[in-house]
Amino acid sequence: MIMQLDYVEVCGTRAVNHHLNYRRWPQSKIIGGYSTPYGAYPWQVELQAYLGGWEHHCGGALVSETIALTAAHCLRNLKKSHLRIIVGKHNLAKNDKHEKIYRIQKILVHPNFRKDGPHSHDIAILKLYSANRQGVRFDSYIKPICLPEHYTKSNEADWCTVTGWGAQKQDDTTSLPKVLQAASVPLLDLETCRHEDIYGGRHQFILDSMLCAGSLEGGVDACGGDSGGPLACQVNGRFVLTGVVSWGDGCGKKNRPGVYTRVSYYVDWLKKAMTELET
């Protein structure tokens, strides 16, 4: 189900296809991902932070002409003047032909962030500053991803795709890839994720507002630098933003799947906040 907004003609579509082998484990090294062709994930954005110079900080997802979503923890201790969004980004080592840089006009962190545990309600809205007030211009390389229409605990798709420029080796920030990586991951039900051998009895309870995805065998996962990026699932022929990269125990460990913010849980909040921000 897809939220009916003015981007309905283009959201969740792409001009460049990228087919991942969903049944092959493990894949090559997001951890366990593949380099992508330019334009295959046109909703992916890069969030950069100014730390003496502009550096890769987190990922995010474009959801309208003026709004991107990311993880709330990506914004801790950072002023909006020290953050910027790049759309149409593919290769971190060079300027891509269609990339555009936007400053941040407003940050809206979910009001319950960290109230139900250190990783709870890990979602935030970024309003992009646009001089012409029209925001991002969509093309073959820059498009928004669809938002889910309503909250659901059930998984609408068995396999989804996580994308980002995060570390390819755990605890090694020098292993950031130059080119955007993608990996296919299976969605896991909450009961499985809450099992004592996985994330049961830990400092952060697996809430209904969370979603686990990844192989329990390990080997494929999001990692440091992927935070805030999209978990995209194909529903009724379009890609829907099902999760936001949030947390996990290491990267690609056995019985430690990635934990994502379940976007459908926040649909009402997102609708209201986006309407207010875009007026």
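The model is a predicted one, so local features need pLDDT of at least 70 and side-chain atom pairs count only at pLDDT 80 or more, while totals for chains, interfaces and linings use all residues. Residues are numbered from 1 along each chain as its sequence is written, and side-chain values use heavy atoms, with hydrogens and water left out.

The protein has 2 helices and 13 strands (DSSP runs numbered from the N terminus: H or I of at least four residues for helices, E of at least two for strands). Out of 279 residues, 57% count as buried (buried is under 20% relative accessible area, exposed is over 50%, and partly exposed falls in between, with a 1.4 Å probe and protein chains only).

Next come the charged pairs. Side chains of opposite charge can pair when their charged atoms come close. The whole structure holds 3 salt bridges (a side-chain nitrogen of Lys or Arg within 4 Å of a carboxyl oxygen of Asp or Glu). Lys 89, Asp 96 and Glu 99 are linked in a network of them. Lys 89 meets Asp 96 at 3.8 Å, N to O, and its closest N and O atoms with Glu 99 are 2.8 Å apart. Both Lys 89 and Glu 99 sit in the loop between strand E5 (83-87) and strand E6 (100-109), so their pairing ties together parts that are 10 residues apart in sequence. Lys 89 is buried at 7% relative accessibility, Asp 96 is buried at 8%, and Glu 99 is buried too.

The bridge between Asp 208 and Arg 194 spans 2.7 Å, N to O. Asp 208 and Arg 194 both lie in the loop between helix H1 (190-193) and strand E10 (210-213), 14 residues apart. Asp 208 is partly exposed at 25%, and Arg 194 is partly exposed at 27%.

Lys 89 turns up again at the second largest cavity, where Tyr 38, Gly 39, Tyr 41, Lys 89 and Leu 180 lie nearest the centre among 13 lining residues. This cavity has a volume of about 70 Å³. Its lining has 7 nonpolar, 5 polar and 1 charged residues (Ala, Val, Leu, Ile, Met, Phe, Trp, Tyr, Cys and Pro are nonpolar, Asp, Glu, Lys and Arg charged, and the others, Gly among them, polar). A cavity here is a set of points, on a 1 Å grid over the protein atoms alone, where a 1.4 Å probe fits but cannot get out, and lining residues have an atom within 4 Å of a point. Grid points are joined across faces, edges and corners, and the volume is the space filled by probe spheres set on the points.

Terms used. 1 Å grid on protein atoms, 1.4 Å probe; cavity = no way out; pocket = protein on both sides within 12 Å on 5 of 7 lines; lining within 4 Å.
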